[in-house]
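Subject: Handover of a structure and the findings in it

Dear colleague,

Please find the structure below, followed by an account of what was found in it. Kindly keep the structure open while you read.

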Amino acid sequence: MNNSELYPLLSQIEKPEDLRTLSEEQLKPLAKELREFLTYTVSISGGHYAAGLGTVELTVALHYIYNTPDDQLIWDVGHQAYPHKILTGRKDDLKTIRQKDGISPFPKRSESIYDAFGVGHSGTSISAALGMAQAAELQDKNNKISRNWK
């Protein structure tokens, strides 16, 4: 079986804009496919996927509701972002995570326009989001992070 047979909804998603074309009823089955894809892929390549398994539905919801990358998502623990990587054009590269010349196991600004902040482990998300919101306000941007931080 190929990926489009195993993951019919997920195979349609190359970027969050594709996700936003789905109906709300398709989001739960998409999350199931995303969880299965993540489990299978990381079981081959290695990596810390437990944190990502815990954020599957959250990641689907955030990318569905917000206009990413204009509305920026900030992750507190980089390993939470594996589902985010899958939904933002790195699905086929996930198998290279933690390998030479592979994708980063953490959000990495140089890797994707959807990675707003290069985070490794926890404790930096609030200060990063606050700084980004203040910078956006100074630039008169009207994205979600700048409107919702106060």
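The buried residues of H6 are covered by elements that include helix H2 (16-19), helix H3 (27-45), helix H4 (50-53) and helix H5 (56-65). Helices here are DSSP runs of type H or I with at least four residues, strands are E runs of at least two, and both are numbered from the N terminus. Buried means under 20% relative accessible area, exposed means over 50%, and partly exposed lies in between (1.4 Å probe, protein chains only).

This is a predicted model, in which local features need pLDDT of at least 70 and side-chain atom pairs count only at pLDDT 80 or more, while totals for chains, interfaces and linings use all residues. Residues are numbered from 1 along each chain as its sequence is written, and side-chain values use heavy atoms, with hydrogens and water left out.

Helix H6

The buried residues in H6 are Tyr 82, Pro 83, His 84, Lys 85, Ile 86, Leu 87, Thr 88 and Arg 90.

Two of these residues bring us to Ser 112, which touches Thr 88 and Arg 90, not counting residues up to four places away in sequence. A contact of this kind means heavy atoms within 4.5 Å. Ser 112 belongs to the loop between H6 and H7 and counts as buried at 9% relative accessibility. Its side chain reaches the backbone nitrogen of Tyr 114 at 3.0 Å. That is a polar contact, defined as a pair of N or O atoms within 3.5 Å; within protein, one must be able to donate a hydrogen and the other to accept it, and residues adjacent in sequence count only if both atoms are side-chain atoms.

The loop between H6 and H7

Two further residues in this loop deserve attention. Arg 98 is located between H6 and H7, has a positive phi near 65° although the residue is not glycine, and is partly exposed, with a relative accessible area of 48%. Asp 101 also sits in the loop between H6 and H7; its phi is near 65°, again positive in a residue other than glycine, and Asp 101 counts as exposed at 75% relative accessibility.

In the loop between H5 and H6 lies Pro 69, which a cis peptide bond with omega of about 10° joins to Thr 68. Asp 71 is found in the loop between H5 and H6 as well and is buried, with a relative accessible area of 7%. A polar atom of the Asp 71 side chain lies 2.9 Å from the backbone nitrogen of Asn 67.

Which residues does Asn 143 touch, not counting those up to four places away in sequence? They are Asp 70, Asp 71 and Ala 136. Asn 143 is placed in the loop between helix H7 (125-138) and helix H8 (144-148), and is buried at 11% relative accessible area.

The aromatic pair

The structure holds 1 aromatic pair. Tyr 7 and Phe 37 form this edge-to-face pair, at 5.4 Å centre to centre and with 90° between the planes. Tyr 7 lies in the loop between helix H1 (3-6) and H2 and Phe 37 lies in helix H3, so the pair ties together parts that are 30 residues apart in sequence. Rings of Phe, Tyr and Trp (its six-membered ring) pair if their centres lie within 6.5 Å; planes under 30 degrees apart count as stacked, over 60 as edge-to-face and the rest as tilted. Both Tyr 7 and Phe 37 are buried.

Yours sincerely
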